[in-house]
Amino acid sequence: MIKEYKTIKEIVSPLMVVDNVEGVTYDELGEIELPNGDVRRCKVLEVEGSRAVVQLFESAQGINLAGSKVRFLGRPQELAVSEDMLGRVFNGMGMPIDGGPEILAEAHKDINGLPMNPAARAYPAEFIQTGVSTIDGLNTLVRGQKLPIFSCSGLPHAALAAQIARQARVLGDDETFAVVFAAIGITFEESEYFINDFRRTGAIDRTVVFSNLANDPAVERISTPRMALTAAEYLAFEKGMQVLVILTDITNYAEALREISAAKKEVPGRRGYPGYLYTDLATMYERAGRRQGRKGSITMIPILTMPEDDKTHPIPDLTGYITEGQIILSRDLFRKGIIPPVDVLPSLSRLKDKGIGAGKTREDHAGTMNQLFAAYSRGKDAKELMTILGEAALSDDDKLYAQFADEFEKRYVSQGNETNRTIEETLDLGWELLRILPKRELKRIKQEYIDKYMPDEE
Amino acid sequence: MSGTITKVSGPLVVAEGLADANVSDVVRVGERHLIGEILNMTGDTASIQVYEETSGLGPGAEVITTGMPLSVELGPGMLDNIYDGIQRPLPEMRAAAGDLITRGIDVPSLNREKKWDFVPVAKPGDIVSAGDVLGTVQETSAILHKIMVPPGISGEVVSVESGEHTVAEAIAVIRDSRGNEREVPMMQRWPVRIGRPYAKKFVPNRPMNSGQRIIDTMFPIAKGGTAAVPGPFGSGKTVVQHQLAKWSDVDIVVYIGCGERGNEMTDVLMEFPELKDPRNGEPLMKRTVLIANTSDMPVAAREASIYTGITIAEYFRDMGYDVAVLADSTSRWAEALREMSGRLEEMPGEEGYPAYLASRLAQFYERAGCVQCLGSEGRTGSVTAIGAVSPPGGDFSEPVAQATMRIVKVFWALDSALAYARHFPAINWLTSYSLYLDTLRAWYTENFGEKYMNNRARAMHILQEESELQEIVRLVGQDALSGSDRLTMETAKMVREDFLQQNAFVDEDAYSSYAKQFRLMDIVLKYDELCREALAKGADLNKLFVIPVREKIGRAKMADPKAFDEIYDAIEKEMQEEIAQVVAGGEEE
């Protein structure tokens, strides 16, 4: 039998203290029933003797200390999962908000999940073609990877994420895929942008949306990505689907975490964020991956906006330490009209080496990738020098490199949000651009590939 | 002896009624028997850190003390294995509980069923003391596991078994001076927070060969030394750690993945069995112990993981082996410390870290060293400790990096600017240092002559000069430099590109022997020397920079590790001829 307590002692949103409780356990889910019949949810953060400190998931508005009742449900926060979730829209707490029926649960899953045994992981190595040259060619995404987009306010990260969701596919493969989209504290317009895009391409039927918008309670945001990942784990590892998870925006998530930490009067770490921000983010990000002997996979694209465009801010910084690379968007490129404005040099995919090469993409991929990086880097240096000292100060080679850098941005990076390039097109475009440079400069590519892919024209 | 929980707050549990328990005892918490450790005692109330997720625990649940501190099991079966932070074998946990780490899984650290072929060394009647070898087990094809008399036991060997035994079965009986007989199994236990005893410590004086040119030649580390690899994300910390784990000329590698990515451990697990040790051709996994407490695994076990790792390392050191401990990353360990400290409501030091951060770090690194082991044989062994540091935003002024720099002797500072330019390993030559240069000089001189260290000094000097000249170039352009300065810039570029850059993913380049490093550096410096002479004779610098041999020097590091000597001889000869030609050409005009 579930006991009801009318012993709420204190509410300092989002925390609440309940006295004289019995048998309450850590992390247990609770319900608060207001005098008017409203039910709100909460979970136990700390229990000492007969006193429980509880965190509200929703706003504390209207809770009356004397008249409200609290029930503890004896289980952690769970999500009802089923294949019918595809095509549905839920709020940040996992309740349907699209007017459709409740989900008939095939199972109830603890939204916190469990750590994956490192010995059970399968290493991600299958190339995903996103159709975006800067990703496919230079920062290759593989199945089971977590690759965040580091953006800044005002940059078109949503367009890039939607483009990836729309175009991503694994070569020569027709397995079932699904998209799980979690809107974490973003605006209605941004959320609608994604949903409309899914609708336009028909992907909406294979998409599960969890939506916590900017005016929904901030504390709910702690649960939203975990709801999404629980649904993703179910679809991937129990239903064998290839799941792409898009979480946007992690910055809002971290701010909600900070809010609760401050309410708990915890000792803050950097910039007021709690000391366990790293561990907390890791328990989400690490849920991406593949497992040995299972068909499905979770590929994750978290999006975050860097406060003040600062990559060393704790949120992008800690994310970068956990994820397997990052795609960084640049304001400078965006101003130049380059779409998508991917800043190639600081972007990185740590798992690319295992996903490219003969049999996966093409034999010349690794060499041309390194050559393009090196050439673009040198071209940018040359252009910088040119702005200080004038074009005359450049050597002949450097002039070519500067020209290369311009062309590279214009043609390779700036492909627009509607162009879907195959990997061959991307690689061939790379060769075309490398022709700008003298052949002797192509030191990072094996001679046999130069002979094969860049035969002498005369 | 059991108590009752009064408070649960994340991984911290407070229980009363534990008057007989000791500080640091391991306890079993709640119905599921979660593993915990007592941190503090007040009266009969204990603060306990629990190594597993505490969701579902509440006041009233039972806590049972085991009366023993957190310990590891030491014996055959650790190599080629992967453990979590408190030495639970992950493959066996997977077999028992599936792909996810559920709670309360109880599997022994060392397999109790597996039989090992024990070959006795000691004979009945021998007088033995702690550290003496009773016998051996060929644990893997690469490593002979020596079964030693555990610390605290000595006396006369009454009997010794031979043949197939499990780790828990007695393989010898030892009678002490009072006539008490004790059965000794192959396995022993040791508390992780206490260093294992040894006879004597030495100052390390042999270099650890890593095959990495920037490390071996520029910033060497001694066997038994300590080093830190700090760097922002994406600068290649993990690749450096992996390279060290692969190529270091040590007998045993203990790799601790402490709060890092799960896929990285999977990578090691998949790659190491395939890779062959360049010295004996055995798969690298046969000499490796992996500790994986990834970032999503419980944070308290992360705190314990580096102690688990270094205790295992000390045990192999006691057999007389050279062991390397690689901890990736100590920053995550420090964060676990901070989290527990916060829950204990301790007064925070800098950035919320506990005030004892520096002393704990120092205690960890101090367990490294070069020692004479216990036992009458007088074996020597070493533990080399190398810790990665992940400073927030790549800013080395934060507490963990600063506390680490005060202790370690070698500092390989990774630099994101180098990483963006795809210069790998991205170890910055200007900010890194090694304090072992003086103690190791004798070794280098004995093996390669004085030139090795002199060349190093010369190369460092050139790189330093380059950084100063670059300032000028940035202001007024290259043309303002004198010929000699331009040559310095060119040589520095060669040192950087043709010597320091090393590709971990190309077989010929991933490992460079001392001899190859020495010759490669010598070629670059000889080029500098010859060009300087030529310049003095009025040769055209632009022509010297484009002589055809330069391309060969650029590819010289890729030379076959077995046949590089001839190739390098040819390069040197060609270089002399071509420079002479430029000089002659200049005189004719």
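**A walk through chains A and B**

Let's start in chain B, where strand E9 (residues 116-120) pairs with E14(B) in the antiparallel sense over 3 bridges. Two strands count as paired if DSSP finds at least two bridges between them. Helices (H or I, at least four residues) and strands (E, at least two) are DSSP runs, numbered from the N terminus. Across this pairing, Trp116(B) stands opposite His165(B) in E14(B).

Before going on, a word about what you are looking at: this is a predicted model, in which local features need pLDDT of at least 70 and side-chain atom pairs count only at pLDDT 80 or more, while totals for chains, interfaces and linings use all residues. Residues are numbered from 1 along each chain as its sequence is written, chains are lettered from A and ligands numbered from 1 in the order in which they are written, and side-chain values use heavy atoms, with hydrogens and water left out.

Back to the sheet. E9(B) and E14(B) belong to an open sheet of 4 strands in the order E12-E11-E9-E14 (chain B), with antiparallel pairing. At its edges stand strand E12 (144-148) and strand E14 (163-165) of chain B; each has a single partner strand, so one side of each is left without a neighbour in the sheet. From one strand to the next, the twist averages 40 degrees. As a general point, strands of a sheet pair through backbone hydrogen bonds, either parallel or antiparallel.

Chain B also has an open sheet of 4 strands in the order E10-E13-E15-E16, and its pairing is antiparallel. Here the edge strands are E10 (127-128) and E16 (181-185) of chain B, each pairing on one side only. E10(B) is joined to strand E13 (residues 155-160) of chain B by 2 bridges, and these two run antiparallel. If you want a spot to look at, find Val128(B), which stands opposite Gly155(B) in E13(B).

How many residues of strand E15 (residues 177-186) of chain A are buried? The count is 9 of its 10, so this strand is mostly covered; buried means under 20% relative accessible area, exposed means over 50%, and partly exposed is in between (1.4 Å probe, protein chains only). E15(A) is joined by 7 bridges to strand E17 (residues 242-248) of chain A, running parallel, and Ala178(A) has Val243(A) as its bridge partner in E17(A). Another 7 bridges join E15(A) to strand E16 (residues 207-213) of chain A, again in parallel. There, Ala182(A) has Phe210(A) as its bridge partner. To get from E15(A) to E16(A), the chain crosses through helix H3 (residues 188-200) of chain A, and this β-α-β crossover is right-handed. That label applies if, with the strands pointing away from the viewer, the path from the first strand over the helix to the second runs clockwise.

Axes are lines fitted to C-alpha atoms, for helices over the stretch in contact, and angles run from 0 to 180 degrees between N-to-C directions.

Where do the two chains come together around a single residue? Glu286(A) is buried, with a relative accessible area of 1%. Leaving aside neighbours within four places in sequence, its contacts (heavy atoms within 4.5 Å) include Arg121(A) and Lys146(A), along with Glu260(B), Arg261(B) and Asp296(B).

Finally, some backbone details. A cis peptide bond joins Ile339(A) and Pro340(A), with omega about -10 degrees, and Pro340(A) is in the loop between helix H8 (331-335) and strand E21 (342-349) of chain A. In chain B, the peptide bond from Phe424(B) to Pro425(B) is cis too, with omega near -5 degrees. Glu308(A) is not a glycine, yet has a positive phi of about 55 degrees; at 69% relative accessibility, Glu308(A) counts as exposed.
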